[in-house]
Amino acid sequence: MKSHDDIWEEWRDLVNMTPSELRTWLETEDSKSVGDAAGEGESTGHKSGRRIIEIKDRKKSELTDDEWSHMAKVVGYIKRHTAQGGPETDKKDSPWRHSLMNWGHDPLK
C-alpha cells in the first residue's frame, strides 16, 4: 500500500488538468462519448472527473480515506493508459486521449 505522501506526489504529477479545465472538458460531447457507459449514461471516467474536481478543491490535510483511495485509483488508471502510448496518429482527437482527460490527465500537455 502506498503512503499518502507517495500518492500525493504522483497525483500532482499525473493529474495535470486544473479544476476549471476539467470542468469545461466534462461538459463536451467528446468527454461524454468515451468510457464504459458511452452513450448509455455517465461512464466511470466521467464520474471520476467530477470527483477529481472536488478533491483538487480541497487541502491535503482535509482529504478523507475514501478520497485518498480514489486518488490512488486515478494514479493507477493514468499510469496504465499512458503506458499504452495511444494511437500512432491523431492523438489529439483520439478516444485514448479523451478517456485520459476524463481522469484529469491531458497527455498532450
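**Close-up views of a predicted model**

**View 1. Helix H1 meets helix H5.** In this predicted model, the residues His4, Ile7, Trp8, Glu10, Trp11 and Leu14 of H1 are in contact with Asp65, Trp68, Met71, Ala72, Val74, Val75, Ile78 and Lys79 of H5.

**View 2. The rings of Tyr77 and Trp103 form a stacked pair.** The structure holds two aromatic pairs, and one of them is made by Tyr77 and Trp103. A pair of aromatic rings is described by the distance of the centres and the angle of the planes. For Tyr77 and Trp103 the ring centres are 4.2 Å apart and the planes stand at 15°, so the pair is stacked, because planes under 30 degrees apart count as stacked. Tyr77 belongs to helix H5, whereas Trp103 lies in the segment after helix H6 (95-102), so the pair ties together parts that are 26 residues apart in sequence. Tyr77 and Trp103 are both buried.

**View 3. Ser48 and the residues that it touches.** Ser48 has its place in helix H4, which is made of residues 44-56. The relative accessibility of Ser48 is 2%, and because buried means under 20%, Ser48 counts as buried. When residues up to four places away in sequence are not counted, Ser48 touches His70, Val74, Asn102 and Trp103. Among these, Trp103 is also the partner of Tyr77 in the stacked pair, and Val74 is also one of the H5 residues that meet H1.

View 4. Which residues of H6 are buried? They are Trp96, Arg97, His98, Ser99, Leu100, Met101 and Asn102, and with seven of its eight residues buried, H6 is mostly covered. The cover over the buried residues of H6 includes helix H2 (19-26), helix H3 (29-32), H4 and H5. Asn102, one of the buried residues of H6, is also among the residues that Ser48 touches. Just after H6, Gly104 takes a positive phi of about 90°.

Methods: Residues are numbered from 1 along each chain as its sequence is written. This is a predicted model: local features need pLDDT of at least 70, side-chain atom pairs count only at pLDDT 80 or more; totals for chains, interfaces and linings use all residues. Side-chain values use heavy atoms; hydrogens and water are left out. Contact means heavy atoms within 4.5 Å. Helices (H or I, at least four residues) and strands (E, at least two) are DSSP runs, numbered from the N terminus. Rings of Phe, Tyr and Trp (its six-membered ring) pair if their centres lie within 6.5 Å; planes under 30 degrees apart count as stacked, over 60 as edge-to-face and the rest as tilted. Buried means under 20% relative accessible area, exposed over 50%, partly exposed in between (1.4 Å probe, protein chains only).
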